[in-house]
Every structure is written in C-alpha cells, then in structure tokens.
Amino acid sequence: MSQKPLTVVISQAQGRNPVKRALEDQLASELLNDQGLTVTLIPHLYDLSQNHSAAQFLREVQGDLIVLGWLYERGIRWTLDRDGVHGHVGETELRAEDSEPPEDVDERAGGIGIPETPDRTIWCLDLRISEDAQDYLEEIRRIRDSLNPLSNPVDELMSWINGSPSAEQLQRYLHPDQMLEARRASDGGTATQEQRAQLPEDTGRRWYPVIDYSRCTNCMECIDFCLFGVYGVDSLDRILVEQQDSCKKGCPACSRVCPADAIIFPQHKEAAIAGADGEVGGLRIDLTKLFGGGDDEDALEKAVRERDQELILDGREAVGMSVGIRRRHHDEMEDLLSNLDELDF
Ligand code: SF4
Ligand code: SF4
C-alpha cells in the first residue's frame, strides 16, 4: 500500500550555536531512517532569497510538509508563503506552555487569504519550544501516522521485495547522511571542496516584512506609510512585499501601523511583532498614556519615530506625522477625546 508522501524540512539556526546545531543534527539523524518521511536540512528559511536552491526545493515539494525552524509558527508559515510555498494549516499539538490558543488561520474572518491554496497541509514547528528532540520526533511521527493510519513496516518491506520501492524510499536509502557530514565539516572548518559542493549556497542575514494574508485586509496603509519602496501590489491589486531588501534593518515601523496586525518581522525581539499570536498594538490608542499614566510612546508615535530615524540615516528629511498617516487615525483620536468630554472626564 503506497503511503502519502510527507517531507520534513529543518530550517537551520543562524550562526553556529552548538546547542541548536546538536538539536538539528539529532532530529535529522533520527528521521533519516524513519519510514514514510524524507528529511532535508536547509539554511535559515528567512534568509533565503527567492531564487536560492533551498527556496526552489521547497516550492518543488509535492504533498504534505512539516517545517521546523527557529521562528514562531506564524513566522515560518508566512515566510513560506512569501517564498511561494502554500498549503492548508496543519494543527500541531506541540505548543509553548504559555502560548495563546491557536487561531483557525484558514478561517479567520477579515483577511484576504491566498488566492489558490493547493490541496495539501503544512505544519510549522517552532524549534524554541523544547530542547528535547523527542518532543519534535513524537509530534512528527504523530502527524505521519495520522496521514497513514494503516502504514506498518511490513508494507515497506514488501514493496522492496516486489522490486517497487517508491522514490521517497530510494532517496532515504541512497542518500543517508551525506549532507549532515558535509555541514559538520563546514562548521568545523575542515570541509573539502567536494563536501562544500553538497551544501546549499551561503545566505546572508536579511530583514524584511512578511504579510499574514489571513489577517491582511488589503487596506494599503503599509504602502502609504513606508517611504522606502518596500511594498507594491500584484496583478490582482493585492498588497505584497515587492522590494524586500529595501527594508531598513531593525526597523519594524509598518507593523505598528497595520490595523490588522498582519505584518510580521520574524526576527524582531517583540514577540507579537515576530509572529506570536496576539496584537502588535497597531494604532489602538494607548489609554494609559492618554490619562498620563504611562511614559511610553503609543504605537503610532513609535512607528513615526522609527521611520524618521531611517529617513535621517538615509540622508532625507524627517516627515513626522505629515506623510502616510491616514486621516482615520486622527479621527479616531478626536472621537475618543469627544467621547471622554461627554463622560465629563
Ligand atoms: S496595513 Fe496591514 S492590513 Fe493593510 S494592506 Fe498592509 S499588511 Fe494588509
Ligand atoms: S519596516 Fe520601515 S522600511 Fe521596512 S517596510 Fe516597514 S516602514 Fe518600510
């Protein structure tokens, strides 16, 4: 009986953190000989250019997919989408203890969604949830078994005896851990030219926004706000990140002005901006500040300040609130103040 193919991709951490490398290696080594799976290591997903061979590989994967990476689940999912890798959301049972309940991303109201979702499922697992490889292995095997409830080792053995191993079986047995060995040698600085040739091309660190289309309403506030030409629209007039490398490193300003909390910077230190479930703050008015109870800037002020800093670094003039801030936000503030007046504050 043929199994549904399931591909497991491990997106490696940036840098050479030995603890992270050990977890990646252990997962890859143990999964290499698991039946019903193919496993591949790629460089950090977020750093891939769209024509990187690993991005091309991801686009070519047929069937269901599990992607493990050092990012929040939403960060992985929408970075994959950005690279043209689409699928339905796979529910994972492996979640951080303090995480908010998962949203039904496919059915969340309000977002414009993705035009055509292929009939396959993608599970995204955050490698920061646990340091124990067994937690990931159990979850991956649970997913595999849920896809192939009748699979058992005898089926696989029979397909070999009958001389008809699947392409997935061949790949698993013919390419054991060549890539792992090459990567270890490269990390240790002892890689031969031949070993290096087995590794994907290098990736530099990158910084750009990723859009969560399950939330994005196509309001175009981000394109108005960003003065660096990062955003554009596609042939269906949907917002997209057109010039990702024009984004200013470390700047998350537009994520603060998006009214739908749909803009993710997967590497940002603030969890909500990096893709943790929850709100970024957007343009919701900070009442503590309004009442003089807090010293922090509100989200809009922060965004404007961050944008001004980048304009000045670019040798341009700061524009403050005068450009790209929708009238709606001023109206919201005025409405709130007049409501407070009515309440006799
Ligand atoms: S501001 Fe947010 S909701 Fe509006 S188009 Fe941009 S990403 Fe989408
Ligand atoms: S973070 Fe700044 S530079 Fe980057 S897209 Fe947003 S507004 Fe533009």
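The legends below describe close-up views of a predicted model.

**View 1. The whole protein, from which the close-ups are taken.**
The protein contains 14 helices and nine strands. Of its 345 residues, 31% are buried.

**View 2. The crossing of helices α1 and α4.**
Helix α1 spans residues 18-32 and helix α4 spans residues 133-147; their axes come within 10 Å and cross at roughly 40°. The two helices are therefore oblique to each other. Their crossing is right-handed. On the α1 side, L23, Q26, L27, E30 and L31 take part in the contact, and on the α4 side they meet A133, Y136, L137 and I140. Sorted by class, the residues of this contact comprise seven nonpolar, one polar and one charged.

**View 3. Helix α3 and the residue that follows.**
Helix α3 covers residues 73-82, and nine of its 10 residues are buried, so this helix is largely enclosed by the rest of the structure. The buried residues are E73, R74, G75, I76, R77, W78, T79, L80 and R82. After α3 comes G84, which has a positive phi near 85°.

**View 4. R59 and its contacts beyond the neighbouring sequence.**
R59 belongs to helix α2, which consists of residues 53-60. This residue has 13 other C-beta atoms within 10 Å and is therefore partly exposed. Leaving aside residues up to four places away in sequence, R59 touches D83, G84 and V85. R59 and D81 are separated by 22 residues in sequence, while their C-alpha atoms are 9.8 Å apart in space. G84, one of the residues touched by R59, is also the glycine with positive phi that follows α3.

**View 5. The surroundings of ligand 1.**
Ligand 1 is surrounded by 13 residues, of which C216, C219, E221, C222 and C258 are the closest. The shell is made up of 10 nonpolar, two polar and one charged residues.

**View 6. M220, a residue with positive phi.**
Although M220 is not a glycine, its phi is positive, at about 75°. M220 lies in the loop that connects β6 (210-211) with α9 (221-225). Is M220 buried, exposed or partly exposed? There are 13 other C-beta atoms within 10 Å of M220, and this residue is therefore partly exposed.

**View 7. D261, another residue with positive phi.**
D261 is not a glycine, yet its phi is positive, at about 50°. The loop that holds D261 runs between α10 (253-257) and β9 (263-264). A residue counts as buried if 20 or more other C-beta atoms lie within 10 Å of its own. D261 has 20 C-beta neighbours inside 10 Å and therefore counts as buried.

Notes. Residues are numbered from 1 along each chain as its sequence is written. Chains are lettered from A and ligands numbered from 1 in the order in which they are written. This is a predicted model: local features need pLDDT of at least 70, side-chain atom pairs count only at pLDDT 80 or more; totals for chains, interfaces and linings use all residues. A residue is near a molecule or strand if its C-beta atom, placed from the backbone, lies within 6 Å of it. Ala, Val, Leu, Ile, Met, Phe, Trp, Tyr, Cys and Pro count as nonpolar, Asp, Glu, Lys and Arg as charged, and the others, Gly among them, as polar. Axes are lines fitted to C-alpha atoms, for helices over the stretch in contact, and angles run from 0 to 180 degrees between N-to-C directions. Helices (H or I, at least four residues) and strands (E, at least two) are DSSP runs, numbered from the N terminus. Angles under 35 degrees count as roughly parallel, over 145 as roughly antiparallel, 65 to 115 as roughly perpendicular and the rest as oblique. A crossing is left-handed if the near helix is turned anticlockwise from the far one by less than a right angle, and right-handed if clockwise. Two residues are in contact if their C-beta atoms, placed from the backbone, lie within 7 Å. A residue is buried if 20 or more other C-beta atoms lie within 10 Å of its own, exposed if 12 or fewer, and partly exposed in between; C-beta atoms are placed from the backbone.
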